[in-house]
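Q: Could you walk me through reading this structure, one feature at a time?
A: Gladly; here it is.

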Amino acid sequence: MYSSQKTASTLFSLIQCVQIGDEKHLFIHAETECFQLWQIIIILYVAIVTIPQRLVFLLAPQLLLSDKIGGQQFVFALICPLPFIIYWVYLIFTKEENTISNRNCKNISTLKILNEIQSPFSDSPLSPWLSWAGLIEIHRLSLVLCHNLIFDQLHSYFAKVMICVLALISVTSLRPYKHSYLNNLTTISLFSQVAIGSCSSV
């Protein structure tokens, strides 16, 4: 998850453009004009792969747990997530798929994947179809988006502080981790980020 966050940050920095005169130029290399072919390919990759990957972590754990999908489908979804996300949303909203069964997952690989994704988190899911791991991935992606796509520093700090405040409220009220010390450490970390961000924006 950490490596995917770094990859997302790098990709967004390659499509971050600023207005110079009548043209847009790459923020990290002002001599490069924006919207060249390689940048369009990166934008498409971000839209088709990078952002939907976070939804994979949000939706897949509960679908794996209910035996609606298998471990192999989860792995392919990480490589090409968009079509799988569309299919999974169809599964969730189809009437016959509305309830999660309590069947045990028979596939060992599926159990291993679930353990890797869900082991730090509470056994109580965020909702019948959403997972804590996915919510944390979306929180991280939101911070990356704010950092790379909001050019005004004050507005960027404000947006990031608001995201951390929402995350802090959810952690303190819902206690997503199994162990209390993880909840406490996360609370302290988020509170520190909110405090630093608030001071930086003043």
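**Reading the chain**

A: The chain exposes about 12,000 Å², and carbon and sulfur atoms supply 65% of that area; accessible areas come from the Shrake-Rupley method with a 1.4 Å probe, and for residues only the protein chains shown count as cover. Keep in mind that this is a predicted model, in which local features need pLDDT of at least 70, side-chain atom pairs count only at pLDDT 80 or more, and totals for chains, interfaces and linings use all residues. Residues are numbered from 1 along each chain as its sequence is written, and side-chain values use heavy atoms, leaving out hydrogens and water.

Q: How many helices and strands does the chain have?
A: Helices (H or I, at least four residues) and strands (E, at least two) are DSSP runs, numbered from the N terminus. Here the chain has eight helices and three strands, and along the sequence they follow the pattern α-β-β-β-α-α-α-α-α-α-α.

Q: In what order do the strands of the sheet come?
A: Strands of a sheet pair through backbone hydrogen bonds, either parallel or antiparallel. Two strands count as paired if DSSP finds at least two bridges between them. In this chain, three strands make an open sheet with the order 1-2-3 and antiparallel pairing. Strand 1 (17-20) and strand 3 (29-33) are at the edges with a single partner strand each, so one side of each has no neighbour in the sheet. From one strand to the next, the twist averages 50°; axes are lines fitted to C-alpha atoms, for helices over the stretch in contact, and angles run from 0 to 180 degrees between N-to-C directions.

Q: Which residues stand opposite each other in the sheet?
A: Strand 1 and strand 2 pair over four bridges, and C17 is opposite L26 in strand 2. Their hairpin has two residues between the strands, and G21 takes a positive phi near 65° there. Strand 2 (residues 23-26) pairs with strand 3 over two bridges, again in a hairpin with two residues between the strands. L26 stands opposite H29 in strand 3, while H25 has E33 as its bridge partner.

Q: How many aromatic pairs are there?
A: A pair of aromatic rings is described by the distance of the centres and the angle of the planes. Rings of Phe, Tyr and Trp (its six-membered ring) pair if their centres lie within 6.5 Å; planes under 30 degrees apart count as stacked, over 60 as edge-to-face and the rest as tilted. By this rule there are three aromatic pairs. For F57 and F74, the ring centres are 6.3 Å apart and the planes stand at 80°, so the pair is edge-to-face. F57 belongs to helix 2 (residues 37-65) and F74 to helix 3 (residues 71-79), so this pair ties together parts 17 residues apart in sequence. Another pair, F84 and W88, is tilted, with 6.4 Å centre to centre and 55° between the planes. These two are four residues apart in helix 4 (residues 81-93), so about one helical turn separates them.

Q: Is W88 buried or exposed?
A: Buried means under 20% relative accessible area, exposed over 50%, and partly exposed in between (1.4 Å probe, protein chains only). W88 counts as buried at 0%, whereas F84 is partly exposed at 22%. F57 is buried at 13%, and F74 is buried at 5%. Of the 202 residues of the chain, 38% count as buried.
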